[in-house]
Amino acid sequence: CLDSEGVVHKFDSKWRKNCDDCSCSKQGIGCCTSYMRPVDYDTEKCVSIFNEETCSYEVVEKNDHSKECPVHSWVG
């Protein structure tokens, strides 16, 4: 399989690139996100911040990023 950056991957191989989990099969390359997105939290008081190093979101108060906000539902 040849990915969008020109890298060749062997059949039945798996890798992570830019927080996507990808795999190669004889049918081609398939990728999906490796993280969950917060969808049910107080958007007036809080903000979600994506961390590219850990491939995860944290939800914190807009006025004080040291305080986490409760999240009631995630999708991914």
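Guide: One term before we start: a residue counts as buried when its relative accessible area is under 20%, as exposed when it is over 50%, and as partly exposed in between. Please also keep in mind that this is a predicted model.

Visitor: Fine. Where does Cys55 fall on that scale, buried or exposed?

Guide: Cys55 has a relative accessibility of 10%, which is under the 20% limit, so Cys55 counts as buried.

Visitor: And which cysteine is joined to Cys55?

Guide: Cys55 is joined to Cys19 by a disulfide, with an S to S distance of 2.1 Å. The pair links distant parts of the chain, 36 residues apart, with Cys19 in the loop between strand 1 and strand 2 and Cys55 in the loop between strand 5 (46-51) and strand 6 (56-61). Cys19 is buried as well, at a relative accessible area of 7%.

Visitor: Which hand does the link of Cys19 and Cys55 have?

Guide: The link is left-handed, with -80 degrees about the S-S bond of Cys19 and Cys55.

Visitor: OK, stepping back, how many disulfides are there?

Guide: The count comes to 4 disulfides, and if the bonded cysteines of the chain are numbered in sequence order, the pairing reads 1-4, 2-7, 3-5, 6-8.

Visitor: What does Cys1 pair with?

Guide: Cys1 is joined to Cys24, with the sulfurs 2.0 Å apart.

Visitor: What about Cys46, where is it and what is its partner?

Guide: Cys46 forms a disulfide with Cys69, at an S to S distance of 2.0 Å. Because Cys46 lies in strand 5 and Cys69 in the loop between strand 6 and strand 7 (73-75), the pair ties together parts that are 23 residues apart in sequence. Both cysteines of this pair, Cys46 and Cys69, are buried, and the torsion about their S-S bond is about -90 degrees, so the disulfide is left-handed.

Visitor: Changing topic, why is the sulfur of Cys32 too far for a bond?

Guide: The closest cysteine sulfur, in Cys31, is 7.6 Å from that of Cys32, and a disulfide needs the two sulfur atoms within 2.5 Å. Cys32 counts as partly exposed, at 48% relative accessibility.

Technical notes: Residues are numbered from 1 along each chain as its sequence is written. This is a predicted model: local features need pLDDT of at least 70, side-chain atom pairs count only at pLDDT 80 or more; totals for chains, interfaces and linings use all residues. Side-chain values use heavy atoms; hydrogens and water are left out. Helices (H or I, at least four residues) and strands (E, at least two) are DSSP runs, numbered from the N terminus. Buried means under 20% relative accessible area, exposed over 50%, partly exposed in between (1.4 Å probe, protein chains only).
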